[in-house]
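Please look over the sequence and the model before reading on.

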Amino acid sequence: MIISGAMLWGATGPMMEWVLSSSELSVSFMLTIRLTLAGAMLLLFLMLTKKDIFSIWKSPFWWVKLIVFGVLGMLGVQYTFVAAINASNAVLATLLQFLAPIFVVLYVSFAQRMMPPKYQVIGIAGTLVGLFLLLTNGSFSNLLVSNEALLWGLGVGLTFAFYTLYPTSIMNEWGVLIVVGWGMLIGGLVLGLFKGFWQFEEMEIMLQPSIAWMIVWVILCGTFAFVLFLGSMKYISPVETSILSSMEPLTAMVISVIWLGRVLEGWQIAGVIIMLVCVTWLSLEGDRQTKKLESQ
């Protein structure tokens, strides 16, 4: 389930890259449609399975958290991800979300006012080395992406870290699917209100058969990927999940090479491998240290 989910997530990146490069659709409009429809579909599914999706709105404490998650978490990570794709490509945007563990480590260290453990420092350093190789192909004078793409990419890592850390309490209280469904719908509606659902010229573009079908596939793949991801958590540990989710950037890379003609240079491929190895090692070592503390 986790491998299938990760591969579906990885596939949505090149799909969105194709839509943005093959049409005049804006990032905002495409993302408004994607989030609104995906959130509505998920909530409708929960209603059909007799889940109470409205009780969360009865307590100001929880609905404030839900709105913050929907705007800063769900919309934040989705917008920065698609904007990074638009400014660079799906492979780079997918890989840069793997910077999230670095921001998580830094936040936790700051909150606890203590230096991170040695293994986290080594893992962060290795991830940054891999990122340097990915962005420069090993040359200090050769940045292969624009400053805009780099900023959006860093935003992906930062917002993904917030998306991971912030909603823990509300998801434990109300369930992941309800929180994510409302988060998607809130994010889509907020973006639509600011950017305009009424952009009829973009609606005409979106209704073109090839574009419409691709957006349908993006929504379906993204929604099924999330359900599979959550379902896998019943059977495997978070460590195994984080390791197997490395299929996401690998899938994005393979599809981009075959379909979109994207090719990485030698040092860039080395950087990808180093990043994935370091993130995997951070997960494994973190799990080992947690079990060690629990056994004491």
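This is a predicted model: local features need pLDDT of at least 70, side-chain atom pairs count only at pLDDT 80 or more; totals for chains, interfaces and linings use all residues.

The space inside the largest cavity comes to about 60 Å³, and the residues around it are Trp9, Arg34, Leu35, Ala38, Gln78, Met184, Val218, Ile219, Gly222 and Thr223. Sorted by class, this lining holds six nonpolar, three polar and one charged residues.

The count of cavities of 30 Å³ or more is two, and the second largest cavity has a volume of about 30 Å³. Its lining is made of Met16, Met30, Leu31, Arg34, Ile215 and Val218, with helix 2 and helix 11 as the elements that give two or more residues. Here helix 2 gives the most, with three residues, and the classes are five nonpolar, no polar and one charged.

Stepping back to the whole chain, the reader will find 14 helices and zero strands. The radius of gyration is 19 Å, close to the 19 Å that the globule rule gives for 296 residues, so the chain is as compact as a globular protein of that length. Along its principal axes the C-alpha trace spans about 50 × 45 × 30 Å, and 49% of the 296 residues are buried. Among contacts between residues at least 6 apart in sequence, 84% join residues at least 24 apart.

In soluble globular proteins, nonpolar side chains tend to be buried together. In this model the largest nonpolar core has 52 residues, of which Leu25, Val82, Val180, Trp182 and Ile215 touch the most other members. Several helices each supply at least two residues of this core, including helix 1 (2-22), helix 3 (60-87), helix 9 (176-195) and helix 11 (209-232). Apart from this core lies another one, of 19 residues, with Leu95, Met253, Met275 and Leu276 among them. As for Val180, when residues up to four places away in sequence are not counted, it touches Leu42, Phe69, Met74, Tyr163, Met171 and Phe226.

The second largest pocket contains about 230 Å³ of space. Its lining has 15 residues, and those closest to the centre of the pocket are Asn89, Leu92, Val263, Leu264 and Gln268. Helix 4 (90-96), helix 6 (118-136) and helix 13 (247-260) each supply at least two residues of this lining, with helix 13 giving the most, three residues. The lining divides into ten nonpolar, four polar and one charged.

Two single residues complete the tour. Leaving aside neighbours within four places in sequence, Glu17 is in contact with Ile85, Asn89, Ala90, Ser256, Leu260 and Arg262. Lys50, by contrast, is exposed, because its relative accessibility is 76% and the cut-off is over 50%. Lys50 lies in the loop between helix 2 and helix 3. Most residues other than glycine have a negative phi. Lys50, although not a glycine, has a positive phi of about 65°.

Key:
Residues are numbered from 1 along each chain as its sequence is written. Side-chain values use heavy atoms; hydrogens and water are left out. On a 1 Å grid over the protein atoms alone, a cavity is a set of points where a 1.4 Å probe fits but cannot get out, and a pocket is an open set with protein on both sides within 12 Å along at least five of seven lines; lining residues have an atom within 4 Å of a point. Grid points are joined across faces, edges and corners, and a volume is the space filled by probe spheres set on the points. Helices (H or I, at least four residues) and strands (E, at least two) are DSSP runs, numbered from the N terminus. Ala, Val, Leu, Ile, Met, Phe, Trp, Tyr, Cys and Pro count as nonpolar, Asp, Glu, Lys and Arg as charged, and the others, Gly among them, as polar. A nonpolar core is a set of buried Ala, Val, Leu, Ile, Met, Phe, Trp, Tyr and Cys residues joined through side-chain atoms within 4.5 Å. Buried means under 20% relative accessible area, exposed over 50%, partly exposed in between (1.4 Å probe, protein chains only). Contact means heavy atoms within 4.5 Å. The radius of gyration is taken over C-alpha atoms; the globule rule is 2.2 Å times the number of residues to the power 0.38.
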